[in-house]
Amino acid sequence: MKTMTNTTDCKACRTHMPDLLLDETFLAAHPEMKAHLAACADCAKELDELRATFDLLDTWTAPEPSAYFDSKLHVRLREAEAAHPEGFWERTRSFLLFSTGRGLRPALAGALAFAMLIGGGSFGLYLEHQPSNQPSASSATVNDLKILDNNAQALQQMDQLLDDSGSSVDDTSTPPTT
């Protein structure tokens, strides 16, 4: 691909190839494209080849279908309708292999909703029948007694610590000098 000194390069020329082929006034309206085609041999050659291809396609005529085409088609359709239907497993297999799944989507959505409903209900019933591990609410009197019991245990532990420390080497009878 060559880059020309004018404002049009080969890439821009190739993007406008359909316009150059199909619109006869395009080249007259864009003189920069005309200058590029005159200077660039590759783009001019590509345009000439495309024009030759289009001219060849204009001369080609599509073949007419045979006079018996419609009758043969109807015969084949009748044969297909009269053919023995495939078995259940073959139809299921072909449906699963070649189907887009659009027919199954509502059924799958319903099955998923049903499974979620069953799963959620089962979990709710499971939680409802579980024994509760939370302590029962007690009165203020019981709470006060528990606090006093904890305080008594704390005092007892402190006494044991003081007794243990009294038997050690440290003598607590003399006050610290510092």
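**View 1. Helix H6, residues 69–82, out in the open.** Helix H6 has 14 residues and spans 20 Å from its first C-alpha to its last, close to the 20 Å expected at 1.5 Å a residue (the expected span being 1.5 Å times one less than the number of residues). Zero of the 14 residues of H6 are buried, so this helix lies largely in the open; buried means under 20% relative accessible area, exposed over 50%, and partly exposed in between (1.4 Å probe, protein chains only). This is a predicted model, in which local features need pLDDT of at least 70, side-chain atom pairs count only at pLDDT 80 or more, and totals for chains, interfaces and linings use all residues. Residues are numbered from 1 along each chain as its sequence is written, and side-chain values use heavy atoms, with hydrogens and water left out.

**View 2. The whole protein chain.** Let's step back for a moment. The protein chain has nine helices and zero strands, where helices (H or I, at least four residues) and strands (E, at least two) are DSSP runs numbered from the N terminus. Of its 178 residues, 8% are buried.

**View 3. Where helix H4 meets helix H5.** H4 (residues 31–39) and H5 (residues 41–59) pack at about 100°, their axes 5 Å apart. Here axes are lines fitted to C-alpha atoms, for helices over the stretch in contact, and angles run from 0 to 180 degrees between N-to-C directions. The two helices are therefore roughly perpendicular to each other, a label for angles of 65 to 115 degrees. His 36, Leu 37 and Ala 39 of H4 meet Ala 41, Cys 43, Ala 44 and Leu 47 of H5, a contact being heavy atoms within 4.5 Å.

**View 4. Cys 13 and its neighbours.** Cys 13 sits in helix H1 (residues 10–15) and is buried, with a relative accessible area of 0%. Leaving aside residues up to four places away in sequence, Cys 13 touches Thr 8, Leu 20, Met 33, His 36, Leu 37 and Cys 43. Cys 13 and Leu 37 are 24 residues apart along the chain, and their C-alpha atoms are separated by 8.1 Å.

**View 5. Cysteines without a disulfide.** The structure holds zero disulfides, a disulfide being a pair of cysteine sulfur atoms within 2.5 Å. For Cys 40, the nearest cysteine sulfur is that of Cys 10, 3.6 Å away; Cys 40 is buried, at 1% relative accessibility. The sulfur of Cys 43 has its closest cysteine sulfur in Cys 40, at 3.6 Å, too far for a bond. Cys 43 is buried as well, with a relative accessible area of 0%.

Definitions and conventions: Parallel < 35°, antiparallel > 145°, perpendicular 65-115°, else oblique.
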